[in-house]
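Try each task with the model open, then go through the solution.

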Amino acid sequence: MLDFAIFAVTFVIILVGAVLYLYPSSRRASGIPGFNPTDEKDGNLQDIVNRGSLHEFLVSLHQEFGSVASFWFGGRPVVSLGSVHQLRQHINPNHTTDSFETMLKSLLGYQSGMGGGASETVIRKKVYEGAINSTLKNNFPHLLKVVEELVGKWKSFPEDQHIPLCAHLLGLSMKTVTQLALGERFKDDADVISFRKNHDAIWSEIGKGYLDGSMEKSSSRKGHYETALSEMESVLLSVSKERKTQRKQTVFVDALHQSSLTERQIMEDCMVFTLAGCVITANLCIWALHFLSTSEEVQDKLYKELEEVLGSDPVTLDKIPQLRYCQQVLNETVRTAKLTPVAARLQEVEGKVDQHVIPKETLVIYALGVVLQDSDTWSTPYRFDPDRFEEDSAKKSFCLLGFSGNQTCPELRFAYTVATVLLSTLVRRLKLHQLEGQVMEVRSELVSTPKDETWITVSRRS
């Protein structure tokens, strides 16, 4: 279980499990430099666990062996790419599925497609993305209302009150995702809090318990996880059944009902969206406000754009594309925080990167956390500088990594919309201030999160 888990937690696509069993092991990594296996059975698995995360392991791997490197997963070699130049050469990944979504479905035991092959997988992906897009369009006024409530609460605080970003923004994200995905069932905070208990139990084990194998060693933790998963599935199935009788069809689950998906598939897609959508949205907002609190200059520049584009009016979906600097702020937030530090693809046919041949059916890791802070691609890579995205080269590199353009995961697109509404509402009313002496440490798991609660203070704009 442990050798499967480390990759399940870092975007391994569903075919990888089959590859490990159906194709004979190779003791050669096609001449690609890298770590030798430290264990005959597990390869470098214990090295990854000792580093604390796959991202930290990949940082050390590429520091020692360069931008194309290999390591061992069980008895098979894995290739990791750690620079934009090498990723640009890797032109044959599987683009029919979203690695984040597929990883979650694989871990939860769900199917990615509709049971009929690659074409059905593409259809289901389009249904899923279309449902998210229509949900945002139909419920944008409600999203504005939820954000307004939070900003109004912050505005009422004394200027010296410490505001816990993680607690407040996870709450905002949970309320937004549940209400836009599942409808009126979650209009009361008590229902959202109850849903969050199971959500947190599932995500905490996905983020850690599978990584270090500790959940498998604890029958009580495993039982707690399985109970939470079962209860959450039951709630989602119940909501789906209730929504079928609603005359007003506006939320995510309603859009799925208009497709040919089965009730089970609808439940699975609701599970993925509520899990991934909530965590990605929350952490994008947390990191964005944290970085803004460190730079009055960036806040003022963003405020100026918001005033020029929106005036005193609330933001609309039509206006969001005009908020170019806001987009740069969010892009730089994703880059600096390494929001999703690892992706994985299966090599469909034999490929080549530099002089290295990558055999068919090889697992190829995209070390995104390494690439996002590579000094060859980004000047002063550890500095938060939204202005870097004025350059076409930065935009192209970001798109190549899958953080913008057609390959962006739908949960991240959703998160960008929520974060834009938050910033456009908050920055026009309040200034954000960093607490002196606060050190922000990162936990790089499936999604990069702060290790501890993060605090800011706010003051009213004059």
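**Exercise 1**

At what angle do helix α12 and helix α17 pack, and how far apart are their axes?

*Solution.* The model is a predicted one. Start by finding helix α12 at residues 263–293 and helix α17 at residues 410–426. Their axes are 8 Å apart, and the helices pack at an angle of about 40 degrees. Angles under 35 degrees would count as roughly parallel, and α12 is therefore oblique to α17. As for handedness, α12 passes α17 in a right-handed crossing.

Next, collect the residues that touch. From α12 come V272, F273, A276, G277, I280, T281, L284, C285, L289 and L292. From α17 come E411, L412, F414, A415, Y416, V418, A419, L422, L423 and L426. Sorted by class, the residues of this contact of α12 with α17 are 17 nonpolar, two polar and one charged.

**Exercise 2**

Helix α12 also packs against helix α8. Which residues of α8 and α12 meet, and how do they divide by class?

*Solution.* Take the geometry to begin with: α8, residues 165–182, packs with α12 at an angle of about 145 degrees, and the axes lie 8 Å apart. The crossing of α8 and α12 is right-handed. Now list the contact. By class, the contact of α8 with α12 has 15 nonpolar, five polar and no charged residues.

**Exercise 3**

*Solution.* In total, the count comes to 12 aromatic pairs.

**Exercise 4**

In what order do the strands of the three-stranded open sheet run, and which strands stand at its edges?

*Solution.* The order is β3-β11-β8, with antiparallel pairing. The edges are β3 (163–164) and β8 (430–434); each has a single partner strand, so one side of each is left without a neighbour in the sheet. Two bridges join β3 to β11, residues 455–460, and P164 stands opposite W455 in β11. Helix α12 packs on this sheet, touching β8 and β11, and its direction makes about 80 degrees with that of β8.

**Exercise 5**

Now turn to the four-stranded sheet. What is its strand order, and which helix lies across β1, β2 and β7?

*Solution.* The open sheet has the order β1-β2-β7-β4, and its pairing is mixed. At the edges stand β1 (68–73) and β4 (343–346), each with a single partner strand, so one side of each has no neighbour in the sheet. From one strand to the next, the twist averages 30 degrees. β1 and β2 (residues 76–81) pair in the antiparallel sense over six bridges, with F71 opposite V78 in β2. The helix is α4, residues 54–65: it lies across β1, β2 and β7 (363–366) and runs at about 130 degrees to β1.

**Exercise 6**

Which residues of α13 and α14 meet?

*Solution.* Helix α13 (residues 296–310) and helix α14 (residues 324–337) pack at an angle of about 145 degrees, with axes 8 Å apart. V298, K301, L302 and E305 of α13 meet R324, Y325, C326 and V329 of α14. The contact of α13 with α14 has five nonpolar, no polar and three charged residues.

Methods: Residues are numbered from 1 along each chain as its sequence is written. This is a predicted model: local features need pLDDT of at least 70, side-chain atom pairs count only at pLDDT 80 or more; totals for chains, interfaces and linings use all residues. Side-chain values use heavy atoms; hydrogens and water are left out. Two strands pair if DSSP finds at least two bridges between them. Axes are lines fitted to C-alpha atoms, for helices over the stretch in contact, and angles run from 0 to 180 degrees between N-to-C directions. Contact means heavy atoms within 4.5 Å. Angles under 35 degrees count as roughly parallel, over 145 as roughly antiparallel, 65 to 115 as roughly perpendicular and the rest as oblique. A crossing is left-handed if the near helix is turned anticlockwise from the far one by less than a right angle, and right-handed if clockwise. Ala, Val, Leu, Ile, Met, Phe, Trp, Tyr, Cys and Pro count as nonpolar, Asp, Glu, Lys and Arg as charged, and the others, Gly among them, as polar. Rings of Phe, Tyr and Trp (its six-membered ring) pair if their centres lie within 6.5 Å; planes under 30 degrees apart count as stacked, over 60 as edge-to-face and the rest as tilted.
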